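Here is a short briefing for a reader who has not seen this structure before. Please look at the sequence and the model first, then read the notes by topic.

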Amino acid sequence: MFDGYTSSELMSIFAMQGFAGLSLFSVFVLMAMGLAIIFGQMGVINMAHGEFMILGAYTTYLTSGFFQSYLPGLFGGYFLIAMVLAFIVCAALGALVEWLMIRHLYHRPLDTLLATWGLSLIMQQAYRSIFGAREVGVELPEWMIGAISVTDLVELPINGLFVMIIALSIAVGVYLLMYRSGYGKKVRAVVQNRPMAEAVGINSAGIDRATFALGCGIAGIAGAAFTMIGSTGPSSGQAYIVDTFLVVVFGGAQSLIGTIISAFGISQAQSTMEFFLSGSMAKVLTLLVVVGILMLRPEGLMALKVRR
Amino acid sequence: MGTTDIAARGRPFGKGTGFRKSLMTLAASVMLATSAHGATPATAEVNTTGLAVTDDTVTVGILHSITGTMALSEIGSVQAEKLAIDQINASGGVLGRQIEFVQEDGASDWPTFAEKSRKLLRQDNVAAIFGAWTSASRKAILPVIEQYNGMLYYPTFYEGLEQSPNVVYTGQEATQQILAGIDWAVEAKGAKTFYLLGSDYIWPRTSNKIARKHIDKLGLKVVGEEYYPLGHTQFNSVINKIKLKKPDVIFASVVGGSNVAFYKQMKAAGVDFTDEKPLLLTISVTEDEIRGIGGENVEGIYASMKYFQSLDNPNNKEFVAAFKEAYGDDMVIGDVTQAAYLGPWLWKAAVEKAGSFDIDEIRKEFAGIEFNKAPEGYVRIHENHHLWSKTRIGQAQLDGQYKVVYETEELMEPDPFPEGYQ
Amino acid sequence: MKSSSPLKWFGSREGLYYLALAFLLVIILPLALDPFRLNMVGKYLTYAFVAIGLVMCWGKAGILSLGQGVFFGLGGYCMAMFLKLEASTPEATAIQSTPGIPDFMDWNQLTELPWFWEPFHSFSFTLIAVIGVPMLLAFVIGFAMFTRRVGGVYFAIITQAIAAILTILIIGQQGYTGGVNGITDLKTLMGWDIRTDEARTTLYFICVGMLFLCLFVARLVQNRKLGRILVAMNAQEMRVRFSGYDVAAFKIFVFCLAAAFAGIGGAMFTLIVGFMSPSFIGIVASIEMVIFCALGGRLSILGAVYGALLVNAAKSGFSESFPELWPFAMGALFIGVVLAFPNGLAGLYQSYVIPLEDRLLKRKKPEAEPAAKPAAAQPDAEKADDYDPMINSYSPEKS
């Protein structure tokens, strides 16, 4: 398939394809980070993760509408504010859900799956009732549209870069929070040995709520970022759920580093195969390979050794 | 233009076969022809098969998804069908009877469509069903409607390969959308190479198959053909492939949420559609879809449809005004919505031509039924139950509307089983 | 368990529960409903097969599969392939460029029947395949996972991914599978028109018969030692393993059993509804099947039947009168069942109706049914309050 192209053309295409892989990687990291915290650290299967992301997207949509009507001069900067708002809204709802529902189910992880699936149905229909069944278009400020031309062929999408930066900052932020802060230490203590952590005076219920809210908040930021590259509609969230869970499980549920490595592996595999095969077959093959590896190595790539 | 002579060949209402009925029916037809609100034909005469017809009313069914993933697409059709029914009622109804409707929710679930169509036909005895949107839902309804001899008016442009005596297809079958579109790209834009891209299901695959055959026949080249699962949201790899292959035309039939992602990512990758390098020709983005994608992301793409909201003719102006009055000023009307609007009107024309609500009587009359007040202009039913209609090319504008840049001279003949394209 | 004479069993309390269900399905519903509604009940019952399988594999053995739709779909597709071949006689498909093959293949330029369609000309092969194909896939998955001790959440997510893969494959390979439209326009079964009212009513009774067959197989399994090992495994997998049992083998067995039930349900679905499509295989369909089982009571096979009936009836009823509200109701149902009564209807019955029955029975004939062995599922239901199957240990919060 590469006949008749000059080597510089090929180089640029490979560069672009590398970039495509990286932006898929950052999408996966954004999707999976929130879930990795909730599922990996707390063992809760949050099937409504996609819907929390869409909540972030709708928050962005509302914010953009607000800025257009009342603060058109500041429209260029609305996106940053929208992300903060998306985090706050989703984290608040997350905390509420944790208090009402999740905390009763910590000892029954499979039941959290069913309950959060119910939650996702309710959230979807709520979006449909409030925002209408149609997808909404989120307008971006001028500076975020378009691409930076490196050479004639190599053009880097600005919003792709932006998504990467967000993904990177969130990954670093979560890492610092989990491994370099007192809060993170407590979370890890609760994950590894809940009774012992309680015995040394850690308020495990508070930690749980904060962690769940944090995971949902990150989902909100991801949703806000995805308005740049994806669709915002009542059922858009469901498209993400299988990929997200596979990334987290493949990485080894309790390891954040594992999640990032697995996001990298899956995204590179998928985008390379997409380049050589048709999109559908690439997707099927990627899923098959991941499932196959998981059958051989059920604990995922990076397993955390804990005494249970 | 071609319209007039084709119209002249069409049969006006009330002449010809409609008159070789019993004396009573003849009398009824004459009465109808002379006064719209005059004496209505007796129910026993116009309904011999136990349909829900009384002396004052006739009941029809509307069957679309109000809930579930398809709701966003189908709501426009429901609105259009209700609008048409209201307008028909206001103008005196059908054979002097006011139309009442039973609405059922298909819930984006195909067995539900089959179930509800069975309910409409068996319990409600409806005289016609306006409904279905996806091919899968139509395929689910089909055996039911054939078994109980109902009549479905199906609004969506679709892949063809079907011709049921119990369905009237008010949208285009694939060749009506594709052939003229590709011819236009070749003649007006000098296109030589094509890249075919679609969501992975029957309609895009069949459409691309027809497109590929046609491109081959023209002696031109397809440089890529590609399908992505429904709901796929990452198109960077295919965008790179397109950049590598440098086709003159991207022929796109991506649907749903994937659409939004695809156009946003194309835009972000530095593709400016107004440059037409490459030119993007789609058969799946109507004004409805643009609302979700955002006008700024699709500005400059071309769509091959039979109807655009911006069509400049008196019928359409009236229709758009009525639609906005009924449902709000911010409504947009896409190709399928207009096709759905045709359903009740064509049914009324057929019923009045047959002088009966009986499905078998109506079916005899379909070929040649015409509708002059169609927003898209003039349409006529082909004997294969599809519509003769024009193909138009529109270019998307920043405000989410299409500007019509081309329309076929003649009405395109519907050909659900195109020879040489299978 | 000593199995006394069948007659005596029917007189026992458990036997009465089965009789009551049979009375409802065989006599009351057919008399009360017109053929159209009865056909819908038949459709709901096909989901009950899946729910019974889930009781065995999730409720008893603690293996939650989010991919039961896969097995349901495979069974259904096997049946649909047979019916489609029967409907695609050379005469009926004379207008095609290749007569004698299903219409969708012709549209996709296939000129001969793919090899894996060939055996489906035979009805006996089809009947075997309806059960065999789902079981085979279940065996492969189960063998790969359970011998490596994958369980719980991981298993659930992997089965979910398998459901996603199969859906994409079926939709993508439309020349071989009918694609997103599925296999439609099925007319006759061995020359018998399955679209008439009489045929539909007959199929309903066949469905009820098959359902009871599956119920009895499930009951047999749960009341033998086998069933108790499954429950034990769920509670204390390690102890069972150290007692010398091959835990993986038991898990594979029960997963295959559930797959077989689902396959039968799928085949009945194809017959009753008249077509099969990928939308019954996917993730959403598969998770909905879990709620049928959860509502009925994840530990009670009879509860599963009622669960499937009730949820589906509510779905039809709700979506007819308040289409907007249905997803809210469904969502609330999921949450409510899980939070408020994790053992579902059977659990409620156990805690509120059984004591009532006890009092009534005792007053009437104090000596009947000494130490009445309560309905089979119930000892488990009681136990479930004490231990937590999901983390394989006693839960401090609940005891």
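The C-alpha centres of domain 1 and domain 2 of chain B lie 31 Å apart. Domain 1 of chain B covers 2-172 + 312-389 and domain 2 covers 174-305 + 393-407, with bounds from an automatic or database domain assignment. This is a predicted model, in which local features need pLDDT of at least 70, side-chain atom pairs count only at pLDDT 80 or more, and totals for chains, interfaces and linings use all residues. Residues are numbered from 1 along each chain as its sequence is written, while chains are lettered from A and ligands numbered from 1 in the order in which they are written.

**Domains of chain B**
- Between the domains, 14 residues of domain 1 of chain B are in contact with 14 residues of domain 2 of chain B (contact: C-beta atoms, placed from the backbone, within 7 Å).
- On the domain 1 side of chain B, six of these residues are nonpolar, six polar and two charged.
- Here Ala, Val, Leu, Ile, Met, Phe, Trp, Tyr, Cys and Pro count as nonpolar, Asp, Glu, Lys and Arg as charged, and the others, Gly among them, as polar.

**Strands of chain B**
- Strand 1 (residues 57-64) and strand 2 (residues 98-105) of chain B run parallel and are joined by eight bridges (strands pair if DSSP finds at least two bridges between them).
- Helices (H or I, at least four residues) and strands (E, at least two) are DSSP runs, numbered from the N terminus.
- B:V58 has B:I99 in strand 2 of chain B as its bridge partner.

**Contact of chains C and A**
- Chain C gives 41 residues to the contact and chain A gives 33 residues.
- Helix 6 (123-146), helix 7 (152-172), helix 13 (283-296) and helix 15 (326-339) of chain C each give two or more residues to the side that touches chain A.
- Helix 7 of chain C has the largest share of that side, with 14 residues.
- By class, this side of chain C holds 32 nonpolar, five polar and four charged residues.

**Chain C overall**
- Chain C has 17 helices and four strands.
- Of the 399 residues in chain C, 51% are buried (20 or more other C-beta atoms, placed from the backbone, within 10 Å of a residue's own).
- Among contacts in chain C between residues at least 6 apart in sequence, 79% join residues at least 24 apart.

Note on methods:
Contact = placed C-beta atoms within 7 Å. Buried ≥ 20, exposed ≤ 12 C-beta atoms within 10 Å, placed from the backbone.
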